[in-house]
Amino acid sequence: MSLKETSKFISLILRHKPEAIGITLDEHGWANVNELIAGISKTQPIDMSMLEQIVSEDEKQRYSFNEDKTLIRANQGHSIPVDVELEEKEPPEVLYHGTGEKFVASIDAQGLIPKSRLYVHLSSDKDTANKVGQRHGKPIIYVVKSGKMYCDGYKFYMSVNGVWLTKAVPLSYLEKQED
Ligand code: HQG
């Protein structure tokens with residue numbers, strides 16, 4: 001099992017399914033590091049130094065330790081309702097959301113919804129949106145009028161790894177990017 005595969009498994013545990021290895025997260029999304037290592041090591045090799053390497057080398061900086069490294073959590077992307085103490089922040093005038101062509105009809109009918117996650121994920125650059133969209137097939141990019149949304153009272157958050165998040169984006173603030 002590669003570090004990358006182990007990292008994917010950790011992401012599943014810390015965002016969606018801690019019960020898969022018999023652990024729980026606290027209300028702020030923290031898991032006990034010793035419990036996480038013990039739980040994962042039932043099926044694959046892992047120790048503290050591997051975990052530290054995964055956290056520090058993750059290309060999207062998906063995870064954080066607490067100060068004394070006894071706790072670990074995912075910075076964003078959860079489906080389970082935890083409060084990771086996101087920073088509320090004024091967004092730029094526009095943000096981007098990448099999706100797959102297969103979702104366009106539904107998005108054009110009801111706007112962006114978080115589906116299984118807690119928030120809709122947005123980025124400040126089109127390139128990232130394009131990569132996110134590619135995960136779902138042919139990528140389509142929506143421009144989100146985030147400045148206008150913010151003026152109208154919608155809240156935006158930035159995770160510690162730089163992902164913009166909001167609860168939902170109504171249709172009137174969405175524009176499909178034509179290429
Ligand atoms: C779509 C990855 C139908 C939405 C990425 C998306 C991201 C709708 C899909 C992070 C819809 C949900 C999140 C509607 C939205 N009707 N479909 N009304 N509204 N959708 O994976 O944004 O590598 O839950 O467009 O890089 O793709 O895991 O969200 O296509 O940052 O760290 O429903 O996950 O990060 O898919 O990705 P997802 P996402 P990690």
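This is a predicted model: local features need pLDDT of at least 70, side-chain atom pairs count only at pLDDT 80 or more; totals for chains, interfaces and linings use all residues.
I sorted the shell around the ligand by class and got 5 nonpolar, 7 polar and 6 charged residues. My classes: Ala, Val, Leu, Ile, Met, Phe, Trp, Tyr, Cys and Pro are nonpolar, Asp, Glu, Lys and Arg are charged, and the others, Gly among them, are polar.

Numbering starts from 1 along each chain as its sequence is written, and side-chain values use heavy atoms, with hydrogens and water left out.

**Ligand**

I found 18 residues surrounding the ligand, and the closest are K60, H97, T99, S106 and H136. A residue is near a molecule if one of its heavy atoms lies within 4 Å of it.

Then I went through polar contacts (pairs of N or O atoms within 3.5 Å; within protein, one must be able to donate a hydrogen and the other to accept it, and residues adjacent in sequence count only if both atoms are side-chain atoms). R135 puts a polar side-chain atom 2.8 Å from a ligand oxygen. K115 has a polar side-chain atom 3.2 Å from a ligand nitrogen. For I113 it is a backbone N or O atom, 3.0 Å from a nitrogen atom of the ligand.

Next I checked cover: the protein takes up 89% of the 770 Å² of accessible area that the ligand has on its own. Areas are Shrake-Rupley with a 1.4 Å probe; for residues, only the protein chains shown count as cover.

I also asked which elements give two or more residues to the shell, and got β5 (95–100) and α4 (104–110). α4 gives the most, with 3 residues. Helices (H or I, at least four residues) and strands (E, at least two) are DSSP runs, numbered from the N terminus.

I looked up T6, which lies in helix α1 (residues 3–15). T6 counts as buried because its relative accessibility is 1%; the cut-offs are under 20% for buried, over 50% for exposed and partly exposed in between (1.4 Å probe, protein chains only). Its side chain makes a polar contact of 3.2 Å with the side chain of Q44.

E85 I found in the loop between β3 (71–74) and β4 (87–88). At 46% relative accessible area, E85 is partly exposed. E85 and G29 are 56 residues apart in sequence but 9.4 Å apart in space, C-alpha to C-alpha.

G137 sits in the loop between α5 (126–134) and β7 (139–144). I have G137 down as partly exposed, at 40%. Its C-alpha is 7.7 Å from that of K102, 35 residues away along the chain.
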